[in-house]
Amino acid sequence: MAANLTPQYLEAEAKYRAAKTPAEQLAALEEMWRELPKHKSSEKIQAELKKKLSATRKALQQGGKKSVARADPFSVPRSGAGQVALLGTPNVGKSSIVGGLTNAHVKIADYPFATAVPVPGMVPFEDVQVQLIDTPPVTAAHVPPGMPGLWRAADALVIVADLSAETCFDDAETCLRHLAERQIELVDGPRQRPAEPGASWRMPGLVVANKLDAAEAHDNLELLRELLDTRVRLEPLSTRDPAAMARVPAWLFRLLHVIRIYAKPPGRKPDLNEPFVLPMGSDVHELARRVYRGFEHQVRSARIWGEGVAPGQNVQLDHVLSDKDVVELHG
Ligand SMILES: Nc1nc2c(ncn2[C@@H]2O[C@H](COP(=O)(O)OP(=O)(O)O)[C@@H](O)[C@H]2O)c(=O)[nH]1
Ligand SMILES: [Mg+2]
């Protein structure tokens, strides 16, 4: 790390790291450039900054173009810790789930096809939010165009089935078949893109057996368990039962296979308000990449507070992080 960086430069760099939009990133980078002492020992940083400036300017231009072209309602920009898409036949309670867990304005109706386009909402879970997307229904004969793209773009999928309907098993099966026909497989593990062309997308997913309060629900749940148990996880639910609804955010979060990490500046308290969200299995280097965005080679080691380590233990960059670790990055 160059020893002669000014406090003004470091402040601008902190702004860059905190930037949430490309426009904010560009403003911070320009400030970094102004504040950077231009002499021999900072040549490497100068070159890096120039590269970043031009890349960010380019991203901003393209981003502007993209937002004009993005009229497709089936392309939902990801937000929060990750994106979960619901899928199901008409009237199973998809909109009731999204409406009950988020502030999204969904239409709940006892007639089919009330939902015409995907509607995202944010589900609070502890200190993060999971994006949950209500979607138009599929039927045995029809999948709205755009849906398969939305399924693949999501981080996880939740099939909703209706325990009050005699057809609940067939309906869940219809959803699984539509996925299978598009090479999407629901798994218990993390999301995996196809390893080679033609291979399957492995998407974390489960089947929600909704309307557990209905008269026939328990018989149908038994049937669903018998027929689906070995293939996909089942979660019974009634959107009318507040206690059951309160448990949903935790399993939505678990589907994402991510961890929350709190970065702690040396000598200061960790920021416990806004964790960095990383894929499960990420190491310290991955965190450094996220925190320093291109300046991560400045990080040489870390101290860590969390499960399975001594408080403040020194670790190498390849140390694998756990959910809720507090990490102090050292240059
Ligand atoms: N009994 C019962 N009815 C429900 C439940 N969840 C939703 N419903 C009803 O099922 C109907 C369809 O719900 P909606 O959320 O619009 O289904 P969608 O078509 O899948 O979005 C509405 O009349 C809801 O009130 C539930 O847990 N139990
Ligand atoms: Mg609906």
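Around ligand 1 there are 15 residues, counting a residue as near if one of its heavy atoms lies within 4 Å of the ligand, and the closest of them are Lys 94, Ser 95, Ser 96, Asp 213 and Thr 239. Please keep in mind that this is a predicted model, in which local features need pLDDT of at least 70 and side-chain atom pairs count only at pLDDT 80 or more, while totals for chains, interfaces and linings use all residues. Residues are numbered from 1 along each chain as its sequence is written, chains are lettered from A and ligands numbered from 1 in the order in which they are written, and side-chain values use heavy atoms, with hydrogens and water left out.

Let me turn to the polar contacts, by which I mean pairs of N or O atoms within 3.5 Å. Lys 94 has a polar side-chain atom 2.8 Å from an oxygen atom of ligand 1, and for Ser 96 the corresponding distance to a ligand oxygen atom is 2.6 Å. Asp 213, in turn, places a side-chain N or O atom 2.7 Å from a nitrogen atom of ligand 1. On its own the ligand has 580 Å² of accessible area, of which the protein covers 87%, with areas taken from the Shrake-Rupley method and a 1.4 Å probe.

Which helix gives the most to this shell? It is helix 4, residues 94–101, with three residues, where helices are DSSP runs of H or I with at least four residues, and strands are runs of E with at least two. By residue class the shell holds three nonpolar, seven polar and five charged residues, with Asp, Glu, Lys and Arg counted as charged, and Gly among the polar ones.

Now, the pockets. A pocket here is an open set of points on a 1 Å grid over the protein atoms alone, where a 1.4 Å probe fits, with protein on both sides within 12 Å along at least five of seven lines, and lining residues have an atom within 4 Å of a point. Ligand 1 sits in the second largest pocket, meaning that more than half of its atoms lie within 2 Å of the grid points.

That pocket contains about 420 Å³ of space. It is lined by 25 residues, with Asn 91, Gly 93, Ser 96, Ala 109 and Lys 211 closest to its centre, and helix 4 again gives the most, with three residues.

The largest pocket has a volume of about 1400 Å³, and helix 1 gives the most to its lining, with five residues.

Technical notes
Polar contact = N/O pair within 3.5 Å; in protein donor to acceptor, adjacent residues only side chain to side chain. Points joined across faces, edges and corners; volume = space filled by probe spheres on them.
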